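Subject: Handing over the structure

Hi,

Here is the structure I promised to pass on to you. Have a look at it first, and then read on for what turned up in it.

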Amino acid sequence: MGGILSQSQVDFYRENGFCVVDGIFDTELVEKARSVVDGLLSSTDLASVAEAEPEDGSKARRIWAPTSRDELFAGIAEDTRLLDAVEQLIGPDIVLQYSKLNVKPPRVGSVVEWHQDFAFYPHTNTGLVASLIYLDDATRENACLRVVAGSHRHGLLQHESGGHFVGKVSSPADAGLDDLTVIDCEGSAGSVVFIHPLLLHSSEKNLSDMYRRVFIPSYRAADALPIYYGPHAAHNEPTAKLVRGSAARAVRSEAGLWQLPIAAAEFNSLYQVQEGSHLSDGTRSSTGYFSHEAGAKDTSSASM
């Protein structure tokens with residue numbers, strides 16, 4: 001295993017629940033990735049590849065399962081450099097849990113409310129990490145990721161309202177956290193932000209004239225298994241893939257109380273449950289969390 005992360009970066013991640021790493025991916029690869037995104041979004045049937053922005057249905061806010069749609073993203077998710085870093089954070093036996101790509105188009109890009117990823121898919125342990133790969137320069141101006149440093153050490157926070165899962169925490173302060181610990185994770189294109197599954201994070205609406213596209217392959221230790229198989233969580237399992245090391249022969253369990261994400265109605269995305277649109281639209285679209293069921297795949301791009 002190579003030392004992609006310095007010991008100080010690993011220590012920072014352990015203490016704060018995230019770290020921003022520059023220079024893992026070069027400009028050429030990032031430009032190829034942006035070209036693939038453009039190609040996917042030029043589809044005449046946008047709904048077949050992406051979830052649309054409510055304010056402008058001609059623009060996408062999220063491409064589902066990009067590793068299943070194009071070999072370039074599949075290759076990035078298994079890139080040795082990325083897996084070396086992931087191994088430093090969660091150990092040598094690594095499962096690619098899922099992938100997604102948030103588009104954040106100019107002037108439209110949807111808000112992502114404060115939340116912890118673990119709330120959506122609790123596991124037997126917290127040996128999980130999401131890697132957010134910026135495909136554009138990300139700043140506060142175009143709604144870079146925002147995090148509450150150290151929030152992963154406060155356990156699983158309340159993501160319910162009225163007795164149902166709503167996929168969000170109203171604010172760090174309401175969760176008993178200090179607003180002064182909120183940090184903007186700015187980074188140049190090609191930077192990677194690694195986040196702990198219990199890190200409280202969000203992103204604001206993109207009010208700039210710049211895109212803020214981010215490819216997110218998420219991983220788990222092989223001995224971390226889901227403890228909830230509800231309709232929006234079980235979708236990950238058919239395509240979960242061991243990408244390094246060995247499959248687990250035992251499950252590692254952490255003590256704790258993990259609230260199950262049981263919503264008032266089935267939902268297709270984080271956006272839907274946070275906005276409450278799942279309550280007025282009970283239909284399940286052909287994309288979203290269930291995109292793998294259609295076997296969507298695009299092999300038109302050049303390889304890495």
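A residue is called buried here when its relative accessible area is under 20%, and exposed when that area is over 50%. Please also keep in mind that this is a predicted model.

In α5, 9 of the 11 residues are buried, so the helix is largely enclosed by the rest of the structure. The buried residues are L82, L83, D84, A85, V86, E87, Q88, L89 and I90. Just after α5 comes G91, whose phi is positive, at about 105°.

Next, helix α2. This helix has 15 residues, numbered 27-41, and at 1.5 Å a residue it should span 21 Å; its end C-alpha atoms are 21 Å apart, so the two values agree. Which residues of α2 are buried? They are L29, V30, A33, V36, V37 and L40. These residues cover an arc of only 115° around the axis, which means they sit on the same side of α2. As for what the buried residues of α2 pack against, the partners are β3 (56-64), α3 (66-69), α4 (71-77), α5 (80-90) and β4 (94-102). That list takes us back to α5, one of the elements that the buried residues of α2 pack against.

Leaving aside residues up to four places away in sequence, F73 touches A33, V36, V37, P66, T67, L101, L135 and F215. The largest nonpolar core has 40 residues, and F73 is one of the four that touch the most other members, together with F25, F194 and Y219. Another core, of 16 residues, lies apart from it; among its members are A119, L156, W258 and A263.

Now for strand β6, which is mostly covered: 7 of its 7 residues are buried. L128, A130, L132 and Y134 point one way from the strand, while V129, S131 and I133 point the other way. How many bridges join β6 to strand β13? There are 5, and the two strands run antiparallel. One of the pairs there is Y134 with V214, its bridge partner in β13. Strand β6 also pairs with strand β11 (residues 192-195), again in the antiparallel sense, over 4 bridges. In that pairing, I133 stands opposite V192.

H123 is buried, with a relative accessible area of 1%. Its contacts, not counting residues up to four places away in sequence, are Q97, F118, L128, R220, A224, L225, P226, I227 and W258. Two of these were mentioned above: L128 belongs to β6, and W258 is a member of the 16-residue core. Strand β5 itself (residues 112-115) holds W114, which is buried with a relative accessible area of 11%.

A word on the cysteines. A disulfide is a covalent bond between the sulfur atoms of two cysteines. How many disulfides are there in this model? The count comes to 0. For C144, the nearest cysteine sulfur is that of C185, 6.7 Å away, whereas the cut-off for a disulfide is 2.5 Å, so C144 is in none. C185 is likewise in no disulfide. Both cysteines are buried: C144 has a relative accessible area of 2%, and C185 has one of 1%.

Finally, two alanines to look at. Most residues other than glycine have a negative phi. A65, however, has a positive phi, near 45°, and A143 has a positive phi of about 70°. Where are they found? A65 is in the loop between β3 and α3, and A143 lies in the loop between β6 (128-134) and β7 (145-148). A65 is buried, with a relative accessible area of 16%, and A143 is buried too, at 2%.

Enjoy exploring it!

Best wishes

Definitions and conventions
Residues are numbered from 1 along each chain as its sequence is written. This is a predicted model: local features need pLDDT of at least 70, side-chain atom pairs count only at pLDDT 80 or more; totals for chains, interfaces and linings use all residues. Side-chain values use heavy atoms; hydrogens and water are left out. The expected span of a helix is 1.5 Å times one less than its number of residues. Buried means under 20% relative accessible area, exposed over 50%, partly exposed in between (1.4 Å probe, protein chains only). The arc is that of the directions from the helix axis to the C-beta atoms. Contact means heavy atoms within 4.5 Å. A nonpolar core is a set of buried Ala, Val, Leu, Ile, Met, Phe, Trp, Tyr and Cys residues joined through side-chain atoms within 4.5 Å. Two strands pair if DSSP finds at least two bridges between them.
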